[in-house]
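I opened the notebook to go through this structure one piece at a time. My notes follow the order in which I looked things up.

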Amino acid sequence: MTLQSRVEKVFKSVANACEQAGRPTDSVSVIAVTKYVDHNMASQLVKAGVRHIGENRVDKFLEKYEALKSENLKWHLIGSLQRRKVKEVINLVDYFHALDSVKLAQEIQKRAQHTIKCFLQVNISGEDTKHGFSIEELDDVLPELENLNNLEIVGLMTMAPFEADEETLVDIFQKTKVLQELLKEKQIKNMPMTELSMGMSGDYPIAIREGATFVRIGTAFFK
């Protein structure tokens, strides 16, 4: 199967998942995660119709950005970001998906030259290996974030356990959706909380069914 065919297959699958959930297709943005491919392959993805590029690491992000910055793309940094690296990359991203500490938020506030759209990373599964805020931490965290005017907290990001069964996936995604709605209702300054970044190659149809507005897909484009 060609790359073009795989891209078309993914987009058709996303459209089907949206239809089954009673949602318009354009309610979900597909982020192509390109961490395992070089900028030439990323360029082929763009030619095949991908408009959102996501990278986990700053060096790989900068490599892809430099090669493809002339394209009309949305750029997503989806991996953990060290505070010392913020100044190198933050003003190039359209969305940052892994805001997982107040200190990181404060560093972004300091370095940002325009409003940065961020997702709060939440650890719904409670795994020790996962980054992100616990639900219990948010009551203390949100007041510290609401006055950082260079950040716009657009929603929540979560990751399910890699080998989770469907029941576990549904539980995690539903809990994230409920939390997002609760935070949206609070109408906190600079926190519209309208978006959900959840779902990857192995579980994105379930994530879409449960309310994801951004899905992060890598493997499905290449295998």
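**Entry 1: the model.** I am working from a predicted model. I kept that in mind throughout.

**Entry 2: β1 to β2.** I began with strand β1, residues 29-33, and found three bridges joining it to β2. The two strands run parallel. I looked for a residue pair and noted that I31 has H52 in β2 as its bridge partner. Then I traced the connection. β1, helix α2 (residues 39-47) and β2 form a β-α-β unit, and its hand is right.

**Entry 3: β2 to β3.** Next I took strand β2, residues 52-55, with strand β3, residues 74-77. They pair in the parallel sense, over four bridges. Between β2 and β3 the chain passes through helix α3, residues 58-68, and I logged this β-α-β crossover as right-handed. G54 sits opposite H76 in β3. E55 has L77 in β3 as its bridge partner.

**Entry 4: β3 to β4.** I moved on to strand β4, residues 95-99. Two bridges join β3 to β4, and these strands also run parallel. H76 turned up again here, standing opposite Y95 in β4.

**Entry 5: the faces of β2.** Is β2 covered on its faces or open? I found both faces covered. H52 and G54 are on one side, I53 and E55 are on the other, and all are buried. Side chains in a regular strand alternate between the two faces of the sheet.

**Entry 6: K64.** I looked up K64 and placed it in helix α3. Is K64 buried or exposed? I put K64 down as buried because its relative accessibility is 0%, and the cut-off for buried is under 20%. What does the K64 side chain contact? I found a polar contact of 2.7 Å between the side chains of K64 and E55. E55 is itself one of the buried residues of β2.

**Entry 7: the largest pocket.** I asked for the volume of the largest pocket and got about 710 Å³. Its lining has 28 residues. K35, F162, M200, S201 and T219 lie nearest the centre. Which elements give two or more residues to that lining? I listed β8 (214-217) and α9 (219-222).

**Entry 8: the loop between α7 and β7.** I checked backbone angles here. Most residues other than glycine have a negative phi. Q187 has a positive phi, near 50 degrees, and is not a glycine. I located Q187 in the loop between α7 (166-186) and β7 (195-197). Q187 counts as exposed because its relative accessibility is 70%, where the cut-off is over 50%. N190 lies in the loop between α7 and β7 too. Its phi is near 65 degrees, again positive in a residue other than glycine.

**Entry 9: Q106.** Last, I looked up Q106 and found it in helix α5, residues 102-111. I classed Q106 as partly exposed because its relative accessibility is 39%. How far is the C-alpha atom of Q106 from that of E144? I noted a separation of 9.2 Å, with the two residues 38 apart along the chain.

Conventions. Residues numbered from 1 in each chain as written. Predicted model: local features only at pLDDT ≥ 70, side-chain atom pairs only at ≥ 80, totals over all residues. Heavy atoms only, no water. Buried < 20%, exposed > 50% of the residue type's maximum accessible area, 1.4 Å probe, protein only. Pairing = 2+ DSSP bridges. Right-handed = clockwise from strand over helix to strand, strands pointing away. 1 Å grid on protein atoms, 1.4 Å probe; cavity = no way out; pocket = protein on both sides within 12 Å on 5 of 7 lines; lining within 4 Å. Points joined across faces, edges and corners; volume = space filled by probe spheres on them. Polar contact = N/O pair within 3.5 Å; in protein donor to acceptor, adjacent residues only side chain to side chain.
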